[in-house]
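I set out to record a helix pair, the nonpolar cores and the chain interface, in that order. The entries follow the structure.

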Amino acid sequence: MSTSTPSLELDRDIGNFFYDVKSTRDAGTGLTEKTIDYIVDAKAEPDWIRDFRKQALRVFRDKPLPTSWAGDELSAIDFDAIRYYLASGGATKRTWEEVPDDIKRTFERLGIPESERKFLAGVEAQFDSEAVYSNIKKAVSDQGVIFVGSTEGLKNHPEIFRKWFGKVIPTGDNKFSALNSAVFSGGSFIYVPPGVKVKHPLQAYFRINAENFGQFERTLIIADEGAELMYMEGCTAPRFTTATLHSAVVELVALKGAKIQYVTVQNWSPNVFNLVTKRGLAMEEAEIKWIDCNIGSRLTMKYPGVVLKGRKARGEVISIALANDGQHQDTGAKMVHAADETTSNIVSKSISVGKGRATYRGLVHVPKHLKGCKNNTECDALLINSQSRTDTYPAITVRGTGNSTQHEASVSQISAEQIFYMQQRGLSEGQAMSLAVNGFVNDLVRQFPMEYSVELKRLIDLEMEGSVG
Amino acid sequence: MALIMPACRPTSRPDAGCATIMSTATAPPSLLLPGAVRSESPPWFQELQAAAWAEFKSLPLPARTDETWRYSSLKALSLDGYSTASETSADVRDLVAERALRRRAGRMVFVNDRLTAIDDPDPSLKDRGVVFTSLEEALGTHGELLRKHFMSQPARLGSQKFAALHRALVRAGTFLYVPQGVELPQPFEVFHFVDGENASVFPHTLVIAEPLSKVALVDHFISLDASAPGFACGVNDLIVRDQAKLAYTSVQDWSQAFVSVQINSTLVGRDARAMNLALNFGGRYSRLESVSRLEAEGGRSDMLAVTVAGQDQEFDQRTHQDHLKPNTTSDLLYKNALFDDARTIFSGLIKVEPGAHRTDAYQKVRNLLLSENAEANSLPGLEILADDVRCTHGATSGQIEEEELFYLKSRGIPLPAAQRLIVRGFLNEVLDRLDNPELQEHLRSEVDRHLL
C-alpha cells in the first residue's frame, strides 16, 4: 500500500469557519499575574480563587515541560503568544433567543441546540473563554440536579464546589493542570443529588473561535450516593495556521454507589494542541467510565484516569484514536487501585493513517496489602500506510499476592485478503478500507450513545477517504 | 585443565590492591580508580581506556527523572566504597567442578578479574581457527578484531556511564571467535568468581560467530562469600553474522549484597539466529540491559530470562528489540518469580524502524507474585514505524491459582513442595525454548538449586 495525502477537508469543514466576534473582554497575549487579575476582576471572583490562581501560576512556571517522556513536540507551544481570556461579556444565557446573534450563528451551524431538543437533558455551550448558553430541562432541575458553568458553580454553590474543586487533580499534578488552574474559565459544574438517575445525557459543547487563543475550561462533576449521570462533550475550532491551545481539567467524583459516564468526541482542527487532564475519584461500589474518542487536533495528550478509592469501585476507559497526517494522538489511561476488590478495564484501539502517529500510554498501579484487585488492559493498533506509526508505553505495578493484572497489545494492518475479498464483491478499495477500519473499532463504537456512534462512523469514513491509492 | 598460577602470568597489575586508598581521610566517595594502564596493552587500548575514564567522570549518575531509570532504586547505584578486586589465592576448583557441564568445547575460570585456569584448547578447534582466549591475551593476538568490535555498540538503555566505567576498568573476560562454517556442538563455559568485601569486577564477553558458524557459551557469575557486598559492571557483546547461530547463557549468582550492571548487545545478521538467556538469582540490585539489533533480513533473536527474586532483591531489566530490516523476527519471554520483599522491573521496547516491513516481534513478561510484599513493575513498549508487521506484547502479574494448589495438595503433596513445583513449572517454560537438551537439564538444576 502506498501512502497518499488524503483529502480531509470534508469532515473538518463542519467546524472550519469563524465569525469575527467582537470580544469585549480580552486579557491580551502572554501570561503574568496581571492576566490573572484581569480574569478574576472580569469574572468578579472571590479572593480565594485569586490566590488559588496565583499559586497555580507559580507552580506552572516552576514545572518543566515533560520532555523526558513526551519528546519535544510540546516545545512548539509559545506560551507568550497565546491569549488566555476572551469573552463577549454578560451572564450565561438561559434561552436560546437571548444568545447574541453572531455566537448563535456559530452554534446553529454546528447543530446546537437542535440536538438538545432531540434527546438531551441539558446543554451548555462554551465560546472561547465563557459559557454563552446553559440550559437544563425543568424535569431534571426539579430533581435537584445542578448544571451550570464553573464560574457560576463556584459563586452560587461554594459549599459543594469548594469541597471537591482541585481535590481529584491537584494544581501541581502536571504543568498543564497548573496552567489550567491559573487561568481556567468556563466548563461545567454538575451536581447530582443522592439517588437521582439522570435519564438523558447532559452535554457541553466547546468552541474555539479566535486565533492564538487558549481554552482552559474546568469541569467538576459530583454524583452523590447512588446517583447516575452521563455527560457528553464535543469540541471544534476553525483551522488557523497558528497553534491554538486547549488545556482542560476535568474532575469527577462518584460517591458511594454512583455511576458516571463521561463521553468525549474530540474533533479539534489540526492546529490545536489538546493537553487535557481528566481524572475521576470512585468511592465504594461506584463506577466511572471514560469513553474517549480523539480524531482531531495536532497533538493530543490525554490519559483519563480513575482513582479507585472505595471497596469494589470500578473504573473503565474506552479509547478510540485516529491519527492522520501531521497528527499525534498520545492517549491512554491511568488506573490507581487504592482499595480492595477494585476492578479496572482499559480497552484502547488506535488507527494510524498516512504519516499519523498514535500512542497508547498507560499506568496501572496496585499497591501493597490490597486484595482481589483486577486490571485488564487491551491495546490494539491498526496501521494503514507504510509511514504510519504506532507506539505503546504501558506501566504496570502490582504488589502482593491477592491481585492480578493482564496487559495485551497487538499491532496489525488490514490484510490484503480482506480488501481483496470485499473488492471481489464490488466495493471500491476505499470503501473496503473504511469498512475494515469500522469493523476494527466496531465493538467500542457501539458503547457510545447512538448519535455519537453514528457520527463517529461517519468521521472514520471521511478520514479514511483517499487514504489508499 | 591447566592451572595458571597468577604469579606465572606476565601480569597484569603490579599495583594490584593499591587501587584502594582506604586510609586517606580525603578519599573520594568512590574508591574506583582508573586502571594504571597496563604496559602490555596496545596503545589504542590504553588510549581508549583513558578516554573512557574521562567519559565516566563527566557523565552524571542516573536521576529519578530519567525515563530509562523509571522505578529503579537509584540509591543502589552509589559507587561509594567499592574498590577494584585484588589478587586472591581462593581455590575455586570444587565450585567449578560442581557446576561444570559434562561436555564442553572449552572453559576459562576468572577469579577477581584474573584468569586462573583455561582448558587446554582442543587442537582440532585451534586448527579450524577457533579462538577461545582471555581478553587480555586477545589484545595481543587479535588486536585488529578487537579494535573493530570491542564495545562498538553504545549503551542504548540508560547505562552510558556504566558502559564507560566498564571500558575504563575492564581487564578480564572472554574473547571467542568462530570462523566461517565452523559448527561447535558443545558449549564453552566461563566462570567469573569474586572474592573479598566491596570488590568490584568488570567481566567482559565478546563473541564473534562468523557466517554459517554455530556456537554456544555459558557465563557464570559467582560470589565466593554469599553475603559480601561487591559491585560488578559487565558487558557482553554478541556478533552473529549471516546464517550463523549463537546461543549465549548467563547465570548470575552474585552475593545477596551485590550490586551489578550487565549490558548486552546482540547484532544479528542475515538469516542468523541469536539466543540470549539470562538466569538471575543473586545480587541486591541487578540491572540488566539487553539490546538485539536485527540488522539484516531474515534474522531472528530470542531473548529469554528466568529470575528468582527473594528477600529484598531488586531486578531491573531493560530490553530493546530493534528491527532495522524487513522479515526479521524477535521473541522475548521474561519470567519472574517473586518471593519475600523482592521487586522486579521490566521495561521492554519493540521498535520497528521505518522500512522494516513484515517484522514479527513478540514480547511477553510474566510475574508470579508469591508474597504479600513482592512488587512487579512492567513497562512493555511498542514503537512501530513500518507496516505489514505482526507485533504483540503481553504483561501479566498474578499469583498461583488456588485450584492448582488444591489439586496438588489433594494428591498428598505438602504446600511448600506444591508451591515449588508450580514455580518450577512456571520458570521451566522459558528453558523449554533451548534446543540443547544437555544444557537445558544443566540449567534446570541451576534453577532448582535456587528454589529450595
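In which sense, left-handed or right-handed, does α7(B) cross α8(B)? I looked this up in the predicted model and found that the crossing is right-handed.

Entry on the helix pair. I noted that helix α7 (residues 402-409) of chain B and helix α8 (residues 415-431) of chain B have axes that come within 9 Å and cross at roughly 125°. The angle therefore makes α7(B) oblique to α8(B). I then listed the residues that meet: B:Glu404, B:Leu405, B:Leu408 and B:Lys409 from α7(B), and B:Leu415, B:Ala418, B:Leu421 and B:Ile422 from α8(B). By class, I recorded 6 nonpolar, no polar and 2 charged residues in this contact.

Entry on the cores. I found 247 residues in the largest nonpolar core, where A:Ile190, A:Ala254 and B:Val207 have the most contacts inside it. Strand β11 (residues 230-240) of chain B provides the largest share of this core, 7 residues. I next examined A:Ile190: leaving aside neighbours within four places in sequence, its contacts include A:Ile146, A:Phe147, A:Leu202 and A:Tyr231. A second, separate core has 6 residues, among them A:Val123 and A:Phe127.

Entry on the interface. I recorded 31 residues of chain A in contact with 36 residues of chain B. On the side of chain A that touches chain B, α4 (67-70), β23 (389-399) and β24 (404-413) of chain A are the elements that give two or more residues. The largest share of that side, 11 residues, comes from β23(A). I classed the residues of this side of chain A as 9 nonpolar, 17 polar and 5 charged.

Methods
Residues numbered from 1 in each chain as written. Chains lettered and ligands numbered in written order. Predicted model: local features only at pLDDT ≥ 70, side-chain atom pairs only at ≥ 80, totals over all residues. Axes fitted to C-alpha atoms, helices over the stretch in contact; angles between N-to-C directions. Helix = DSSP H or I, 4+ residues; strand = E, 2+ residues; numbered from the N terminus. Parallel < 35°, antiparallel > 145°, perpendicular 65-115°, else oblique. Left-handed = near helix turned anticlockwise from the far one by under 90°. Contact = placed C-beta atoms within 7 Å. Nonpolar A, V, L, I, M, F, W, Y, C, P; charged D, E, K, R; others polar. Core = buried A, V, L, I, M, F, W, Y, C linked by C-beta atoms within 7 Å. Buried ≥ 20, exposed ≤ 12 C-beta atoms within 10 Å, placed from the backbone.
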